[in-house]
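The following paragraphs lead through one structure, beginning with the chain as a whole and then turning to its surface.

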Amino acid sequence: MKIHLIIFAVLIAGFISYNVFFEAEDDRINTIINILYASILFAYISFMAFALLKKMKK
């Protein structure tokens with residue numbers, strides 16, 4: 001489970017660094033990138049929860 005938390009921390013750091021340093025010029029494209037990145041983050045959260053529940057079941 002520790003590796004999942006490290007990967008999640010890297011994803012969060014990437015999201016923050018994108019929004020602080022590497023924003024796109026067009027607001028529409030920037031919004032699309034933020035929505036896609038947030039979707040990936042939420043999908044990874046659900047994957048971690050599924051993995052934890054599966055591990056607890058054993």
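Of the 58 residues of the protein chain, 16% count as buried, where buried means under 20% relative accessible area, exposed means over 50%, and partly exposed lies in between, with a 1.4 Å probe and protein chains only. The structure is a predicted model, in which local features need pLDDT of at least 70 and side-chain atom pairs count only at pLDDT 80 or more, while totals for chains, interfaces and linings use all residues. Residues are numbered from 1 along each chain as its sequence is written, and side-chain values use heavy atoms, with hydrogens and water left out.

The protein chain has two helices and zero strands; helices (H or I, at least four residues) and strands (E, at least two) are DSSP runs, numbered from the N terminus. Its radius of gyration is 14 Å, well over the 10 Å that the globule rule gives for 58 residues, so the chain is more spread out than a compact globule. That radius is taken over C-alpha atoms, and the rule is 2.2 Å times the number of residues to the power 0.38. Along the principal axes, the C-alpha atoms fill a box of roughly 50 × 15 × 10 Å.

The accessible surface of the chain comes to about 4800 Å², of which 74% belongs to carbon and sulfur atoms. Such areas come from the Shrake-Rupley method with a 1.4 Å probe; for residues, only the protein chains shown count as cover.

How are the charges placed? The chain has 6 positive and 4 negative side chains, and the centres of the two sets lie 34 Å apart. Lys and Arg count as positive and Asp and Glu as negative, while His and the chain ends are not counted; each charge is placed at NZ of Lys, CZ of Arg, CG of Asp or CD of Glu.

Glu23, Glu25, Asp26 and Asp27 form a negative surface patch. Patches are made of residues with over 30% relative accessible area and no salt bridge, joining like charges within 9 Å and nonpolar side chains (Val, Leu, Ile, Met, Phe, Trp, Tyr) within 5 Å. A salt bridge is a side-chain nitrogen of Lys or Arg within 4 Å of a carboxyl oxygen of Asp or Glu. Glu25 is found in the loop between helix H1 (2-21) and helix H2 (27-57), and counts as exposed because its relative accessibility is 79%.
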